[in-house]
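Reader: Before we discuss any terms, could you show me the model that we will be talking about?

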Amino acid sequence: MKMTDIARLLDCDVLCCEDQLGGHVYSACGSDMMSDVLAYVKNQAVLLTGLLNTQVIRTAEMMDMVCVVFVRNKMPSEEILRIAKESGIVVMSTKYRMYEACGILYANGLNRIEGDNRG
Amino acid sequence: MGNESLYYRFDVDGENFTSAGEASVQTKRILRRVGFSPDIIKRVSIAMYEGEINMVIHACGGVVELFIEEDKIKIILTDHGPGIENIDLAMQEGYSTAPDNIRSLGFGAGMGLPNMKRYTDSMEIESKVGEGTKITMTVNV
């Protein structure tokens, strides 16, 4: 799936790094607990979260993720977007809640991780 | 790289949750520049990032040192925080002394130290209650 597909399926506002929307992603995870993302995530490119602070972007960067989707219409601060731009991470915001947003992407073929049954 | 080793030192500001992780981001860029594999870079930066977050949550900041040697990458985290009372307990997944406000920021699930051990080849904790903690981690390359 391309990141443009994520933006379309979730009716997202794309907030930074639009130039990278053409990139392909193959898996995603949804979590509000960054400790869990750092512990369990493997090779997932997209993070869906309802948590809104700069450490969401730092966590994504540590995990080599390329896209963060904030659910429930959450709008990141300028500081969050600045860090995301520096790291080249696409940031989007969707009106959908976490459960719906994950379900829509999963139903359209975006899986979770290979080789791990958690996350 | 030959036999040369590289050394970097980062101060971690304990008052600023927003800036936590800066040392790990810089380290990631340094390791990319040197040319390590993505797997090594990821393991080192996650372990260091968890350490940085711990320093900010528990110890009012500290110092992170990075040594890039011929056969390994070494990270030393030093703080003058409250120290760890029971290291075995602190190493258990899910055990945390972090306050609720930290959990609302997405951390404090008791995964920090176990994660640091999981992503590195060796980890040694020296801690004295009331004096501080020194954690030495290595990743073989």
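Author: Arg58(A), Glu61(A) and Met62(A) of H3(A) are in contact with Glu22(B), Ser24(B), Val25(B), Lys28(B) and Arg29(B) of H1(B), where contact means heavy atoms within 4.5 Å and helices are DSSP runs of H or I with at least four residues, numbered from the N terminus. This is a predicted model, in which local features need pLDDT of at least 70 and side-chain atom pairs count only at pLDDT 80 or more, while totals for chains, interfaces and linings use all residues. Residues are numbered from 1 along each chain as its sequence is written, chains are lettered from A and ligands numbered from 1 in the order in which they are written, and side-chain values use heavy atoms, with hydrogens and water left out.

Reader: Why are H3(A) and H1(B) called roughly parallel to each other?

Author: The axes of H3 (residues 54–62) of chain A and H1 (residues 22–34) of chain B cross at roughly 30° and come within 11 Å. Angles under 35 degrees count as roughly parallel, and therefore H3(A) and H1(B) are described that way.

Reader: What makes chain A as compact as a globular protein of that length?

Author: The radius of gyration of chain A, taken over C-alpha atoms, is 13 Å, close to the 14 Å from the globule rule for 119 residues, so chain A is as compact as a globular protein of that length. The rule itself is 2.2 Å times the number of residues to the power 0.38.

Reader: How many of the residues of chain A count as buried?

Author: Of its 119 residues, 55% do, buried being under 20% relative accessible area with a 1.4 Å probe and protein chains only.

Note on methods
Axes fitted to C-alpha atoms, helices over the stretch in contact; angles between N-to-C directions. Helix = DSSP H or I, 4+ residues; strand = E, 2+ residues; numbered from the N terminus. Parallel < 35°, antiparallel > 145°, perpendicular 65-115°, else oblique. Buried < 20%, exposed > 50% of the residue type's maximum accessible area, 1.4 Å probe, protein only.
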